[in-house]
Amino acid sequence: FLGHVALGNEEWNPWEGDEKNELVASQQRYEANLKMIKSARSHLEQTRLRVQIWGKAAIGLYLWQHIFGGHLEPADATAQWREGSQKAGRTYFSFITGPSVVPGYFSVEAENVVLVLNGREKAKIAYAAQWLHYTQTLIQTHKIQHVAVVLLGNEQCKNEWIQPYLKRNGGFVNLLFVTYDYTLVNEEDIFQWPLGVATYRNFPVVEPSWSMLHDPRSYLCNFLGTVYKNSSRETLMEILKQDGLDKLCWIAAREQWQPQETNESFKNYQDALLQSDLTLCPVGINTECYRIYEACSYGSLPVIEDVMTPGDCGNSSMYHSAPLQLLKTMGAPFIFIKNWKELPAVLEKEKKMSLQEKIQRRKKLLEWYRNFKAWMRQKFINTLENSFLPSDKG
């Protein structure tokens, strides 16, 4: 009898019907969920941007290597063709640069393009215009959909030539990121972009070290650069000599600008930044110079001559904190002075600072600079995604 019952239990299950129904329902739920996941994934894939960055100005390397922390292959800076890629936000970025990147001779691998151009002077503008015309053809033939431009602007903010290309003026460029305090920056389709370090001189991405933060530095300040005739740089030199302050600072002035560093002059410059508590940043052609960002890289506090660049820069109501609108808005912890006559008092104060106070200041500066680059990266990604992705209507 027991055997029969046991057997019967195997053969007959009073709840079998319910279980079968539950199994079917659970299978249906599983399939519905799978469908939902698939559709969410495909929706994500639809909204995931592919952006190809064409680096046709050295400022592209600051964007890619310093702000994005991206790598390039091959590592050799003189290579004819270099490329890299990374995912960020909902976007897959690829970056190409080098002399071999020529209109029509490389594959366009994304519907969205960021064109990095140099608009400093006439010859550069003519070259930039060739790239813009090539890009316009790709838009007209529906090979690409959206275009943003990162522009190394003119040092006196004379950038009228780019205006007709902007979408707002009937052109095809959706977004413009431009260096210097350009008056047309509106935070809608035209954004200010940092000048960054001199990547055209192969200034590296610097990783802060323990010694950079903690070691005493041999000099109060440094200035290595060109002293232009009748400029405030001449005034600076006189003030340094008058009070014998040039003995406390690493000063190496030259009369003529040199576009290329020798290995020795570049090493000297890096050593000066690393060995000085302050880096003096007198106005060149524009108040914003590579030196500001290079000093930040080494934890040497920039002392900036806070005067407006002559020309067309920053002459609008938005520019209450110009010059250096972008850096000031971001709370840069620099020393701003209106006149180099204020420098002796700054250096006097510097002499009295303890190493511990200087260490705290270096930490603050390096952390600010790291956050600044992260913020610029996020802003760049968000701006592209908001402009290029189809907006979700519920």
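Colleague: Which residues does Phe380 touch, and what counts as touching?

Modeller: Contact means heavy atoms within 4.5 Å. By that rule Phe380 touches Leu63, Phe68, Phe93, Val114, Val150, Phe177 and Trp193, leaving aside residues up to four places away in sequence. Keep in mind that this is a predicted model, where local features need pLDDT of at least 70 and side-chain atom pairs count only at pLDDT 80 or more, while totals for chains, interfaces and linings use all residues. Residues are numbered from 1 along each chain as its sequence is written, and side-chain values use heavy atoms, without hydrogens and water.

Colleague: What makes the largest nonpolar core a core, and which residues have the most contacts inside it?

Modeller: Such a core is a set of buried Ala, Val, Leu, Ile, Met, Phe, Trp, Tyr and Cys residues (buried is under 20% relative accessible area, with a 1.4 Å probe and protein chains only) joined through side-chain atoms within 4.5 Å. The largest one here has 114 residues, and Phe93, Leu132, Val149, Phe380 and Leu384 have the most contacts inside it. Helix α11 (residues 355-388) gives the most to this core, with 10 residues.

Colleague: Why is strand β6 called largely enclosed?

Modeller: Of the 5 residues in β6 (residues 175-179), 5 are buried, so the rest of the structure largely encloses this strand. Leu175, Phe177 and Thr179 are buried on one side, and Leu176 and Val178 on the other.

Colleague: How do you know that β6 pairs with strand β5?

Modeller: Two strands pair if DSSP finds at least two bridges between them. Strand β5 (residues 146-152) and β6 have 4 bridges, in the parallel sense, so they pass that test. One of the partners of β6 residues is Val150, which is bridged to Phe177. On β7, Trp193 stands opposite Thr179.

Colleague: What makes Cys157 and Cys313 a disulfide?

Modeller: A disulfide is a pair of cysteine sulfur atoms within 2.5 Å. The sulfur atoms of Cys157 and Cys313 are 1.9 Å apart, so the pair qualifies. The cysteines sit 156 residues apart in the chain.

Colleague: Why is this disulfide of Cys157 and Cys313 called right-handed?

Modeller: The torsion about its S-S bond is about 95°, so it is right-handed.

Definitions and conventions: Buried < 20%, exposed > 50% of the residue type's maximum accessible area, 1.4 Å probe, protein only. Helix = DSSP H or I, 4+ residues; strand = E, 2+ residues; numbered from the N terminus.
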